[in-house]
Amino acid sequence: PKEYLLLAYLYERRGQVCSKDEIGHSVWPEYEAGGIFDYQIENLVRRLRTRIETDPASPQLLYTVRGLGYKLMTN
């Protein structure tokens with residue numbers, strides 16, 4: 001379910017960089033309580049990549065924008 005929420009959030013903002021903070025607020029309603037850490041978001045992105053990328057080690061759809069967040073690209 002979290003992977004789907006992440007994909008839906010990124011798809012709505014395709015082509016735009018989404019910060020970890022924005023992702024956290026969107027995917028985890030309990031984020032405000034401070035219970036979500038960067039590594040949880042990174043693991044969620046990694047799991048989503050294994051589902052949508054042909055080669056998750058060389059992403060073509062879900063990019064990491066260093067220091068800023070993640071960006072979903074569509075054709």
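Reader: What covers the buried residues of helix 2?

Author: Helices (H or I, at least four residues) and strands (E, at least two) are DSSP runs, numbered from the N terminus. Buried means under 20% relative accessible area, exposed over 50%, partly exposed in between (1.4 Å probe, protein chains only). In this predicted model, the cover over the buried residues of helix 2 includes helix 1, helix 3 and strand 2.

Reader: What is the mean pLDDT of the chain?

Author: Residues are numbered from 1 along each chain as its sequence is written, and side-chain values use heavy atoms, without hydrogens or water. Local features need pLDDT of at least 70 and side-chain atom pairs count only at pLDDT 80 or more, while totals for chains, interfaces and linings use all residues. pLDDT is the predictor's confidence in each residue, from 0 to 100. Here 93% of residues reach 70 or more, and the chain mean is 90.

Reader: In which element is confidence highest?

Author: Helix 2 has the lowest confidence, at a mean of 90. The top value is 96, in strand 2 (residues 69-72).

Reader: Within what arc do the buried residues of helix 2 fall?

Author: The buried residues of helix 2 are Ile 23, Gly 24 and Val 27. They line one face of the helix, because seen down its axis they fall within an arc (from directions of the axis to the C-beta atoms) of 100 degrees.

Reader: At what angle do the axes of helix 2 and helix 3 cross?

Author: Axes are lines fitted to C-alpha atoms, for helices over the stretch in contact, and angles run from 0 to 180 degrees between N-to-C directions. Under 35 degrees is roughly parallel, over 145 roughly antiparallel, 65 to 115 roughly perpendicular, and the rest oblique. Helix 2 and helix 3 are roughly perpendicular to each other. Their axes come within 10 Å and cross at roughly 80 degrees.

Reader: Which residues of helix 3 make the contact with helix 2?

Author: Contact means heavy atoms within 4.5 Å. Helix 2 brings Lys 20, Ile 23, Gly 24 and Val 27; helix 3 brings Asp 38, Ile 41, Glu 42 and Leu 44.

Reader: Which residues does Val 27 touch, beyond four places away in sequence?

Author: Val 27 sits in helix 2. At 1% relative accessibility, Val 27 is buried. Its partners are Lys 2, Leu 5, Leu 6 and Leu 44.

Reader: How many salt bridges are there?

Author: A salt bridge is a side-chain nitrogen of Lys or Arg within 4 Å of a carboxyl oxygen of Asp or Glu. By this rule, the count is four.

Reader: How many residues apart in sequence are Arg 47 and Glu 3?

Author: Arg 47 and Glu 3 form a salt bridge, with the closest N and O atoms 3.0 Å apart. Arg 47 lies in helix 3 (residues 38-52) and Glu 3 in helix 1 (residues 2-12), so the bridge ties together parts separated by 44 residues.

Reader: Is Arg 51 buried or exposed?

Author: Arg 51 also bridges to Glu 3, the closest N and O atoms being 2.4 Å apart. Glu 3 is buried, at 15% relative accessible area. Arg 51, at 63%, is exposed.
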